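Reader: Before we discuss any terms, could the model be shown, please?

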Amino acid sequence: MYLIFTISFLFVGGILALVVRAQLAWSGMDLVSQDQYNQFFTMHASTMLFLFVIPVGAGFGNYLLPLMIGAKDMAYPRINALSLWLIPLAALVMFSSFFVEGGSASAGWTEYAPLTTKTFMPGQGTDLWILGVQILGISSVGGGINFLVTVMTMRAPGMTLARMPIFVWMIVITSVLVVFATPVLASVLTMLFLDRNIGTTFFDPREGGNPLLYQQLFWFYSHPAVYIMILPAMGIVSEVLPVFSRKPLFGYKAVIYAGAAIGVLGFTVWMHHMFATGLSIPLTVWTMLATMMIAVPSGVKMFNWLGTMWGGSILLRTPMLFAIGFLFMFLIGGVDGVFNAFVPIDYAINDTYWVVSHIHYVLFGGSVFGVFAGLYFWIPKMTGKMMNETLGTIHFWLMLIGMNLAFMPMHILGLMGMPRRIADYQGGQGWEEWNLISTIGAFTVAVSMLFFIANVILTLTRAPKDAGDDPWEGNTLEWMTSSPPPEHNFEELPEVHSERPNYDRRIAARLPSTRPMPVARH
C-alpha cells in the first residue's frame, strides 16, 4: 500500500512537471499564467520530494525489512498503519490548497521567508502546504522509530548486525536521519505558520526577524533529506548488483561504513545552500571542505559497486539495467555537486538551471532509477509473477534517453545564465533550442512510464504465477519464503550464518550428502 500510494504520486508530480516543461518549451508560451506556473512547479517539487521519494523508501522498507531480517512483521503495526494513512491525508491537505482563495503554495518547495509572509502570500494555500508537510513529518518519524526498533529487537537467530543486508543498513541510517532531522523542519514550519497567522515575527526583517534563520533551520533538515532520499536507493542497488553479477558484494563493510559516513557528514554541509547569502569566511571554508569530504564515501560506494561487477558473470535483466543506469546518472549528479562545493563556482551558477540539473541527476537519475531497479527486482516476490522483460527494457531505454535529454541541456542553460523559477524568458538569448530539447526529453520520460504501467497491468492480469520462490537466485532471506510471502513471512524461522543466507542454502543443497553410506551386509 505504501508503494501504491507513493508511486501514484510519482505520476501526479510528473503531470505537473509536464505542464512546467510545456510552458518553458519556447519563449512567449502562454499555457498558464505566471501565478499558476508558480503553483504548479511548487507542487511538482513538493509532491516528488515529500509524497514520493521520501516515503517510497519507507514503502520498500516496510515490505522488505522484516523479510530480510527474519521478522514476522514490523515492531509496531498500529504505528505503521498510522504512518501509512497519514500520507494520503497529507496529500489531500496539500492539494486542497488549489481550491482555496489565492491558490496553492507558490514560493517554491523551500517556501522561503519573507516571501511567504502574509504580505506576499495572503491566501491560505501556504498554510495548507505547511500543515500537509507537518503531517508527513509525523508519518516519517513514526516510520523511522518503527524501523529502528524492528531491526534492534526482531532479527532472526544468527542475524547479527554484521550480517544484515545492505538494504537494511541503509534503512537504519535513513531512519536515524529522519528521527533527528525531521523535528527541526517541524519547528521551523511551526514558526513560519505562527508568523503568518498569530503575528509573531521570527522571519520578518521589518519587525526585527531574520529570514536567514529560516534558511539555516530549513536546510539543516533538507540537506540530510537528500540522503534520506538517496540512501534507500543505494541499498536497493547494493542488493541488485551482486545478484546479477553472480558475485558477492565487493567491500560489504566498506559500503556500510560509507553509508554511515554519509549520514554523519550529511548534518555538516547544509550551509552550502547559503554560500551566496554572505556567510562568514570561516563558515564558508568549513562548509566547502565538508561538502567536498562528503563526496568521498559516495565515491567509496561507487568503487564498491564497480568492483562487484568487475569480473562477474553479468546478466542484463531489467533490474540490472536500472541499477547500472543508477550508477552512471548518480555519478553525473555527484560530480555536479563537487562543482557546487567550490564557492567561486557556486556564486556563478547559484539559482540557475545548473542547480536544477544537478538535483534531478541525483534524485531522478539516482533515487528514481533505484526505485525502478527495486520494483522490477522484487515484484516477482510480491506477486509470484514475472514482469515482461521486453516492456521493461523499452521502459529503461526510453527513460534513460528521456532523462538525459531533459536534464543535460539544463547544465548549458545554467552556464548561459538562465535563472530557475521563471515562467517565461525573452527570446534571442539562445535558450529556446535547449529548452525545447529539455521539454522533448520530459515527454519521452512520460512515454516510458506508459510502458511501466502497461507492464504492471499485464503482469497482474495476464501473467501466470510462475516466478517461483527464488527467480533471480538471490542472496537474502526474502528469497527463502514463498512468492508472495505468507502474512507471517516464514513458515520456519531461518537461522543465519553469513550475510548471504539464501546463497548458503543453495550451495548446501547442491553438495552431496555428508552422511556415511550404509554398509551392505552379506
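Author: Helix α12, residues 353-383, bends by about 35° at Phe377, and the proline Pro380 follows within four residues. This is a predicted model, in which local features need pLDDT of at least 70 and side-chain atom pairs count only at pLDDT 80 or more, while totals for chains, interfaces and linings use all residues. Residues are numbered from 1 along each chain as its sequence is written, and side-chain values use heavy atoms, with hydrogens and water left out.

Reader: What makes the value at Phe377 a bend?

Author: A bend is the angle between axes fitted to the seven residues ending at a residue and the seven starting there; at Phe377 that angle is about 35°.

Reader: Why is α12 called mostly covered?

Author: Buried means under 20% relative accessible area, exposed over 50% and partly exposed in between, with a 1.4 Å probe and protein chains only as cover. In α12, 29 of the 31 residues are buried, so the helix counts as mostly covered. By that criterion, 57% of the 522 residues of the chain are buried. After α12 comes Gly384, with a positive phi near 80°.

Reader: How do you know that the radius of gyration agrees with a compact globule?

Author: The radius is taken over C-alpha atoms, and the globule rule is 2.2 Å times the number of residues to the power 0.38. For 522 residues a compact globule would have a radius near 24 Å, and the chain has 24 Å, so the two agree. The C-alpha atoms fill a box of roughly 105 × 45 × 45 Å along the principal axes.

Definitions and conventions: Helix = DSSP H or I, 4+ residues; strand = E, 2+ residues; numbered from the N terminus.
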